[in-house]
Amino acid sequence: AVQGVYYMVCNTFLINTCVQAALLAYGCFLVERGLLSHTVLLAFMLYQGQLQEYAQNLLNSFTSLLKSSGAAAKVFDYIERRPRYR
């Protein structure tokens with residue numbers, strides 16, 4: 001249950017919402033100052049969304065690998081244990 005909440009908070013809320021909001025806020029700041037055009041900001045936000053998706057898939061794969069290695073270690077523990085009764 002704790003892992004699910006951690007995943008939901010970190011992966012969904014922090015990465016998706018906060019990163020995009022911060023980039024959009026800073027991009028709007030640059031557009032208002034005339035240092036960036038709105039078309040470049042839009043293109044960057046679209047590119048950032050794709051990059052974020054790929055990074056998220058990579059991290060999800062790493063998490064799955066760690067879970068699988070933990071499960072495999074438990075299976076080997078069961079194989080190597082001695083039975084209580086014979």
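Residues are numbered from 1 along each chain as its sequence is written, and side-chain values use heavy atoms, with hydrogens and water left out. Because the model is predicted, local features need pLDDT of at least 70 and side-chain atom pairs count only at pLDDT 80 or more, while totals for chains, interfaces and linings use all residues.

With a relative accessible area of 39%, L14 is partly exposed, a class that lies between buried, under 20%, and exposed, over 50%, with a 1.4 Å probe and protein chains only. Leaving aside residues up to four places away in sequence, L14 touches V9 and V19, where contact means heavy atoms within 4.5 Å. L14 also belongs to a nonpolar surface patch of about 330 Å², made together with V5, V9 and F13. Such patches consist of residues with over 30% relative accessible area and no salt bridge, nonpolar side chains (Val, Leu, Ile, Met, Phe, Trp, Tyr) being joined within 5 Å and like charges within 9 Å; a salt bridge is a side-chain nitrogen of Lys or Arg within 4 Å of a carboxyl oxygen of Asp or Glu, and the areas come from the Shrake-Rupley method with a 1.4 Å probe, for which only the protein chains shown count as cover of residues.

Helix α1 also carries Y26 and F29, three residues apart, about one turn of the helix. The count of aromatic pairs comes to one, and this pair is formed by Y26 and F29, stacked at 6.2 Å centre to centre with 25° between the planes. Rings of Phe, Tyr and Trp (its six-membered ring) pair if their centres lie within 6.5 Å, and planes under 30 degrees apart count as stacked, over 60 as edge-to-face and the rest as tilted. Y26 is exposed, because its relative accessible area is 51%, whereas F29, at 36%, is partly exposed.

Helix α2 spans residues 38–80 and contains Q52. The 43 residues of α2 should span 63 Å at 1.5 Å a residue, and its end C-alpha atoms are 63 Å apart, which agrees; the expected span is 1.5 Å times one less than the number of residues. In α2, L41, M45, Q48, Q52 and Q56 are buried. Q52, with a relative accessible area of 9%, therefore counts as buried, and Q52 touches I15, N16 and Q20, not counting residues up to four places away in sequence.

Notes
Helix = DSSP H or I, 4+ residues; strand = E, 2+ residues; numbered from the N terminus.
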